[in-house]
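This briefing is meant for a reader who is meeting the structure for the first time. It begins with a pocket and then turns to a metal site, aromatic rings and the backbone.

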Amino acid sequence: MSTANLLRSEYGWKLSGAFNETHLAVLLLAAQDLSAFAEAQAPGSGEIWMRRRLAPVHFHLGGLPQWVVTRVAAHAMSVVFPRRDVWLNKNFLTLPNPRHHIVHELAHVLDNRLGPKTLPAAIFGGGPADRLAREMGGAPRGMRYSNGACGIPPVNRWAESAGGGYGNHASAEYFAETLAWAVYYPSNLPNPTMMNWLKANVFYR
Ligand SMILES: [Zn+2]
C-alpha cells in the first residue's frame, strides 16, 4: 500500500498538493508517534483516540491560507484553517524537527475538535488551549494565535531551549508546543504536571 493510502486508511488523513515520498514519510512517522503517545496515556485506545479526535484531517502543501499567513508574518508559516485543514509550509522538511512541526499543527486541530462547535478554538478560544493557559496561571483573551503569554507566570513559560520559546507567543501556541514537546522531549515542558493535564484533558477516552 502506498504511504498516501496508508495515511488515508489508517488515520483518515486526506492530502492535497505535491507531497513527495519524504513529506509522506514524515506525516506517517508523526502519526505513529502521536498514536503511540495516545496509547501510553490510555492503554488499549491509542488508535481509537486517533480516529475519534484526529480524523478526518486534510493536509495541504502550500495553498492560499498558507500564502496569506506567510505574507503577513513575513516568514514561512503553516496554518490550521478553518478547523481541520492543515496548510503546511512547503519547506517544513527543512525545519529542525519536521515531525514535531506536524504534531504541533495537529494540536491546533485538536483544540478545534475539543472546543466549541461554533467558531474555531485555535483562533477564538474556548478549547483545551484556554484551559491549559488558565491551569498554568494565565488568562487567555483576544486572538488566540497572537495574544502573547497571557499572564502565565515566568516559571511556567517556555525556555529559549524549547524551540526558541515559541510557545510563549500565544495561548494556542502554548498548547500546541505542550503536545509536541510531550511527545518528543518532555524534559522541555516548563511544568511536569502538563503530562497529567494532557492525560486528563486531551487523551481521555
Ligand atoms: Zn502553531
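In what follows, Ala, Val, Leu, Ile, Met, Phe, Trp, Tyr, Cys and Pro count as nonpolar, Asp, Glu, Lys and Arg count as charged, and the others, Gly among them, count as polar. With that division, the residues that line the largest pocket comprise 17 nonpolar, 11 polar and 3 charged. The model is a predicted one, and the values below are computed from it.

**The largest pocket**

- The space in the largest pocket comes to about 1000 Å³, and among the 31 residues of its lining, Met 77, Ser 78, His 104, Tyr 166 and Glu 173 are the closest to its centre.
- At least two lining residues are supplied by each of α4 (64-73), β3 (79-80), α5, α6 (121-124) and α8, and the largest share, 5 residues, is that of α5.

**The zinc site**

- The zinc ion is coordinated at 2.1 Å by His 104 through NE2, by His 108 through NE2 and by Glu 173 through OE, and two of these donors, His 104 and Glu 173, are also listed among the residues closest to the centre of the largest pocket.
- Along the chain, the donors of the zinc ion follow the spacing H-x3-H-x64-E, and the pair of His 108, in helix α5 (residues 98-114), and Glu 173, in helix α8 (residues 171-184), links distant parts of the chain that are 65 residues apart.
- His 108 and Glu 173 are both buried.

**Aromatic pairs**

- A search of the whole structure finds 6 aromatic pairs, and one of them joins Phe 37 and Phe 203, whose ring centres are 5.3 Å apart and whose planes meet at 70°, so this pair is edge-to-face, a term that applies to planes over 60 degrees apart.
- Because Phe 37 belongs to helix α2 (residues 21-41) while Phe 203 belongs to the segment after α9 (193-201), their pair ties together parts that are 166 residues apart in sequence.
- Phe 203 also forms an aromatic pair with Trp 49, which is tilted, with 4.4 Å from centre to centre and 35° between the planes.
- This second pair likewise links distant parts of the chain, since Trp 49 lies in helix α3 (residues 46-53) and Phe 203 in the segment after α9, 154 residues apart.
- Phe 37 and Phe 203 are both buried, and Trp 49 is buried as well.
- Elsewhere, Tyr 11, Trp 13 and Phe 59 form one aromatic cluster.

**Backbone features**

- The peptide bond from Ala 55 to Pro 56 is cis, with omega near -5°, and Pro 56 lies in the loop between α3 and β2 (57-61).
- The peptide bond from Phe 81 to Pro 82 is also cis, with omega near -5°, and Pro 82 is located in the loop between β3 and β4 (85-88).
- Ala 74, in the loop between α4 and β3, has a positive phi near 65° although it is a residue other than glycine, and because its relative accessibility is 68%, where exposed means over 50%, Ala 74 counts as exposed.
- Cys 150, in the loop between α7 (128-135) and α8, is not a glycine either and has a positive phi of about 60°, but its relative accessibility is 13%, where buried means under 20%, so Cys 150 counts as buried.

Note on methods:
Residues numbered from 1 in each chain as written. Predicted model: local features only at pLDDT ≥ 70, side-chain atom pairs only at ≥ 80, totals over all residues. Heavy atoms only, no water. Phe/Tyr/Trp six-rings, centres within 6.5 Å; stacked < 30°, edge-to-face > 60°. Helix = DSSP H or I, 4+ residues; strand = E, 2+ residues; numbered from the N terminus. Buried < 20%, exposed > 50% of the residue type's maximum accessible area, 1.4 Å probe, protein only. Donors = N, O, S within 2.8 Å, 3.2 Å for Na, K, Ca; no water. 1 Å grid on protein atoms, 1.4 Å probe; cavity = no way out; pocket = protein on both sides within 12 Å on 5 of 7 lines; lining within 4 Å. Points joined across faces, edges and corners; volume = space filled by probe spheres on them.
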